Amino acid sequence: LQQSNNMSVISFIQRGRTFTSFNAWNRRNLNGNQWNNLTKNRKFSSEIDHSNLSLAERVRTLVDCRKSGVLTTVTKKDKEDESTPLFGSVMPYAMDQKFDGNPLIALRSLEVHFKHIQDTPKVSLVVYPLTPLHVAPAHVPLPRVNIKCFAQEIEGDRVSDARDAFIRRHPTAREILEKENFQYFELQPLEIFFLGGTESGKTDIVKPEDYYGASSDPLAKDMVDILNHINERYSFDLHMFPEEYAETNVDIRSPIFVYFVDRLGFNLMAKNFEGRWIQFRLPFPSPISTKEEVLEAFDNSIENLREKGFESKMRHNRKR
């Protein structure tokens with residue numbers, strides 16, 4: 001267990017744990033010998049994190065799976081100008097292969113962001129992981145991505161490509177995008193910062209070339225559906241995971257939720273009895289590449305823990 005600012009991070013990698021405790025994950029897809037060979041004495045080096053995506057993959061996956069972030073723009077104009085010198089707001093964006101992984105935004109000419117970009121095209125986009133509706137991401141020490149970008153206005157034939165990409169990502173915006181005059185901008189990363197994603201709490205820097213070279217995780221396209229399903233269906237059952245797989249008790253009266261899932265594992269946030277948020281990185285025994293496999297894995301593991309009596313034990317403790 002290591003401390004990271006106001007968040008504690010528990011990782012099976014740091015603790016030198018094996019995968020054998022995850023005896024429910026994907027078990028239906030393996031016969032006895034295959035499962036024993038997979039989990040027998042399987043430990044991980046503390047120097048090589050086999051349970052996590054690379055830093056560039058994590059950044060690319062987070063940006064790809066979300067649809068909005070906090071856009072901040074600035075202007076260098078003097079104080080006599082009526083525009084706000086610094087302005088930030090929640091901004092929908094779209095991702096599309098035709099634009100090489102650069103977020104796309106749509107603005108009208110009267111908007112503050114548009115005016116700022118005309119003066120100073122360097123902007124910032126902060127992307128948070130998805131959280132349940134009752135949990136504000138700004139109030140939780142979640143890892144997040146801050147991308148310093150150059151906002152390049154899209155012109156010519158590429159405008160229709162940008163509009164189509166935006167409508168695919170935000171279908172309810174079709175009518176307003178087709179009726180009103182929007183300008184589309186491609187946010188080209190200049191510097192990328194990954195905040196709060198390591199045990200030391202330091203900010204990691206991802207080079208733009210590494211970001212462009214990284215692939216988004218196969219589960220990114222379904223991550224929102226997966227997280228909503230898990231957090232709604234297992235809002236209470238998730239409390240069983242820290243005790244079983246990390247030998248850590250959490251406050252079952254406080255929120256607990258999964259905020260990130262990829263082919264190698266998932267990230268869980270909970271509170272300890274002192275009211276501090278704790279992050280758990282729980283690896284899968286083997287890579288999982290589809291939504292159906294993830295949901296089946298959770299179903300199996302929850303069923304297994306219930307059979308062991310964890311649910312009744314926690315409900316008893318909750319009444320106390």
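**Figure 1. Overall view of the predicted model.** The protein exposes about 16100 Å², of which carbon and sulfur atoms supply 46%. The model shown here and in the views that follow is predicted. The protein contains 11 helices and 12 strands, and 50% of its 320 residues count as buried. Among the contacts with a separation of 6 or more, 69% are accounted for by residues 24 or more positions apart.

Figure 2. The largest nonpolar core holds 68 residues, and the members that touch the most others are Ile105, Ile230, Leu238, Phe241, Val261, Phe266 and Phe298. Helix H10, which spans residues 291-307, gives the most to this core, with 6 residues. In soluble globular proteins, nonpolar side chains tend to be buried together.

**Figure 3. Helix H5 and its cover.** Helix H5 has 12 residues and reaches 17 Å from its first C-alpha to its last, a span close to the 16 Å expected at 1.5 Å a residue. Within H5, Ala162, Ala165, Phe166 and Ile167 are buried. An α-helix has 3.6 residues a turn, so residues three or four places apart point the same way. The elements that cover the buried residues of H5 include E4, E5, helix H6 (174-179) and strand E8 (183-195).

**Figure 4. Strand E5 and its pairing with strand E8.** Strand E5 is covered on both faces, with Leu104 and Ala106 buried on one side and Ile105 and Leu107 buried on the other. In a regular strand the side chains alternate between the two faces of the sheet. Strands E5 and E8 pair in the antiparallel sense over 4 bridges, and in this view leucine 104 stands opposite glutamate 186 in E8. Ile105, buried in E5, is also among the residues that touch the most other members of the largest nonpolar core.

**Figure 5. The salt bridge between lysine 98 and aspartate 161.** A search of the whole structure finds 17 salt bridges. In one of them, lysine 98 is joined to aspartate 161, with 3.5 Å between the closest N and O atoms. The pair links distant parts of the chain, 63 residues apart, since lysine 98 lies in the loop between strand E4 (86-92) and strand E5 (104-107), whereas aspartate 161 lies in helix H5 (residues 158-169). Lysine 98 counts as exposed at 56% relative accessibility, while aspartate 161 is partly exposed, with a relative accessible area of 25%.

Figure 6. Arginine 263 and aspartate 217 meet through their side chains in a salt bridge of 2.7 Å, N to O. Here too the pair links distant parts of the chain, 46 residues apart, with arginine 263 in the loop between strand E10 (257-262) and strand E11 (265-271) and aspartate 217 in the loop between helix H7 (208-213) and helix H8 (223-233). Arginine 263 is partly exposed, with a relative accessible area of 23%, but aspartate 217 counts as buried at 3% relative accessibility. A network of salt bridges links Glu57, Asp217 and Arg263. In another salt bridge, the closest N and O atoms of arginine 253 and aspartate 251 are 3.1 Å apart; arginine 253 is exposed, with a relative accessible area of 64%, whereas aspartate 251 is buried, with a relative accessible area of 8%.

Key
Residues numbered from 1 in each chain as written. Predicted model: local features only at pLDDT ≥ 70, side-chain atom pairs only at ≥ 80, totals over all residues. Heavy atoms only, no water. Salt bridge = Lys/Arg side-chain N within 4 Å of Asp/Glu carboxyl O. Helix = DSSP H or I, 4+ residues; strand = E, 2+ residues; numbered from the N terminus. Buried < 20%, exposed > 50% of the residue type's maximum accessible area, 1.4 Å probe, protein only. Core = buried A, V, L, I, M, F, W, Y, C linked by side-chain atoms within 4.5 Å. Expected span 1.5 Å × (residues − 1). Contact = heavy atoms within 4.5 Å. Pairing = 2+ DSSP bridges. Areas by Shrake-Rupley, 256 points an atom, 1.4 Å probe, with all protein chains shown as cover.
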